[in-house]
Amino acid sequence: MTQTVAVLGTGKIGEALLSGMIRGGWPAAKLLVTARRPERAEELRTRYGVEAVSNAEAAKRADTLILTVKPQDMGKLLEELAPHVPADRLVISGAAGIPTAFFEERLAPGTPVVRVMTNTPALVDEAMSVISAGSHATAAHLQHAEEIFGGVGKTLRVPESQQDAATALSGSGPAYFYFLVEAMTDAGILLGLPRAQAHDLIVQAAIGAAVMLRDSGEHPVKLREAVTSPAGTTINAIVELEKHGVRAALIAALEAARDRSRELATGNS
C-alpha cells in the first residue's frame, strides 16, 4: 500500500473500488482520481479526501493506473495517456471485451497490463473480480491487482481466453438475478401478495439460497432436490420452468453476452 494508485474515469465501479481500497487501509494520500466532469472530481475529492488530477498527471505520478472508462472510450483515453505512461507502470483495465493486447499495442513496449472484469456488487463489497495477465504482467502484478480488487469482494485468476465467458457469467451476472427477482415479484402480485411483501420474500429467499450455495459446499442440484418433495409444489413449478425452456434460454442468453463481449474487442459499438 506504499504505491500510488490512480483510478481513471471514476464512475460507479471506480468509486466502489476507491472506497473499498480506503476501507481496506489504503491511505487516501496514495490515491488519485480522474473524472470527466469537474463537479464529479470535486465530489470525489470531498467525499474521500483523495486528490483529483488530470489523466496525464495521473499517468505521470501513479505507480498503478486503473482504467474504468467504458469500452468505447478506451481508445481515446489511451491516446491521451500514451505519451505519459512509462513502461514500468502497471495498467489495469476494467473494460469489458478489450484484450490486453489492445493496450500493449498503444503503450510503451513492455508495459505490464492486467485485465479485470468485476461487477456491481463491488458497491457492497461482494464483487467477483476475474483477473488475467497480459504478456508482460508478472505474478507480482497479478498479486497487486488482487490486493486492490480484494477490498471489494472475491478474486479469481483465469487465462485471458476465458475472460469473455467470465464477463457473460459474472460481469453481467447480477442483472440476470435482478431480472429473475423482478419476474418472481410480479408472480407474487399475481398470486395475491402486495408488491412489498412479494419483494421481501423473494429477496430473502435469494440471499438464503446464495449463502447455502456458498457455505454448504453442496452441488446446486442436491440443494434443489432437498426442496423438491414428491408430488409437491416445487416439482410442479420446476416442470413448468422446463416446459418453457428456461434452462435453454439462460444458456442462450449467456452465449449472447459472451458474443457481445467479443464484439466489443473488435470495436463494434
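Modeller: Helices H8 and H9 cross with a right-handed sense. The model is a predicted one.

Colleague: Where are these two helices, and at what angle do they pack?

Modeller: H8 covers residues 173-190 and H9 covers residues 195-216. They pack at an angle of about 135°, and their axes are 8 Å apart.

Colleague: Why are H8 and H9 called oblique to each other?

Modeller: The angle is about 135°. Roughly perpendicular ends at 115 degrees and roughly antiparallel needs over 145. The pair falls between those limits, so H8 and H9 are oblique.

Colleague: Which residues make the contact between H8 and H9?

Modeller: On the H8 side they are Val181, Met184, Thr185, Asp186, Gly188 and Ile189, and on the H9 side Arg195, Ala198, His199, Ile202 and Val203. By class, the residues of this contact are six nonpolar, three polar and two charged.

Colleague: What makes H1 and H2 roughly parallel?

Modeller: H1 (residues 12-23) and H2 (residues 38-48) pack at about 20°, with axes 12 Å apart. The limit for roughly parallel is under 35 degrees, and therefore H1 and H2 get that label. Their crossing is right-handed. H1 contributes Glu15, Leu18, Ser19 and Ile22 to the contact, and H2 contributes Arg40, Leu44, Arg47 and Tyr48. These residues comprise four nonpolar, one polar and three charged.

Colleague: How do you know whether aspartate 164 is buried or exposed?

Modeller: Its relative accessible area is 15%. Buried means under 20%, so aspartate 164 is buried. The residue lies in helix H7 (residues 163-171).

Colleague: What makes the pairing of aspartate 164 with serine 261 a polar contact?

Modeller: The distance between the two side chains is 2.5 Å, and the cut-off for such a pair of N or O atoms is within 3.5 Å. Apart from neighbours within four places in sequence, aspartate 164 is in contact with Gly97, Arg115, Arg258, Ser261 and Arg262.

Colleague: Why is aspartate 125 called partly exposed?

Modeller: Its relative accessibility is 30%. Buried requires under 20% and exposed over 50%, so aspartate 125 counts as partly exposed. Aspartate 125 sits in the loop between strand S6 (113-117) and strand S7 (127-133). Its phi is near 60°, a positive value in a residue other than glycine.

Colleague: And what makes alanine 231 count as exposed?

Modeller: Alanine 231 has 77% relative accessibility, and the threshold is over 50%; alanine 231 therefore counts as exposed. Its place is the loop between helix H10 (220-227) and helix H11 (233-243). Alanine 231 is not a glycine, yet its phi is positive, at about 60°.

Note on methods
Residues numbered from 1 in each chain as written. Predicted model: local features only at pLDDT ≥ 70, side-chain atom pairs only at ≥ 80, totals over all residues. Heavy atoms only, no water. Axes fitted to C-alpha atoms, helices over the stretch in contact; angles between N-to-C directions. Helix = DSSP H or I, 4+ residues; strand = E, 2+ residues; numbered from the N terminus. Parallel < 35°, antiparallel > 145°, perpendicular 65-115°, else oblique. Left-handed = near helix turned anticlockwise from the far one by under 90°. Contact = heavy atoms within 4.5 Å. Nonpolar A, V, L, I, M, F, W, Y, C, P; charged D, E, K, R; others polar. Buried < 20%, exposed > 50% of the residue type's maximum accessible area, 1.4 Å probe, protein only. Polar contact = N/O pair within 3.5 Å; in protein donor to acceptor, adjacent residues only side chain to side chain.
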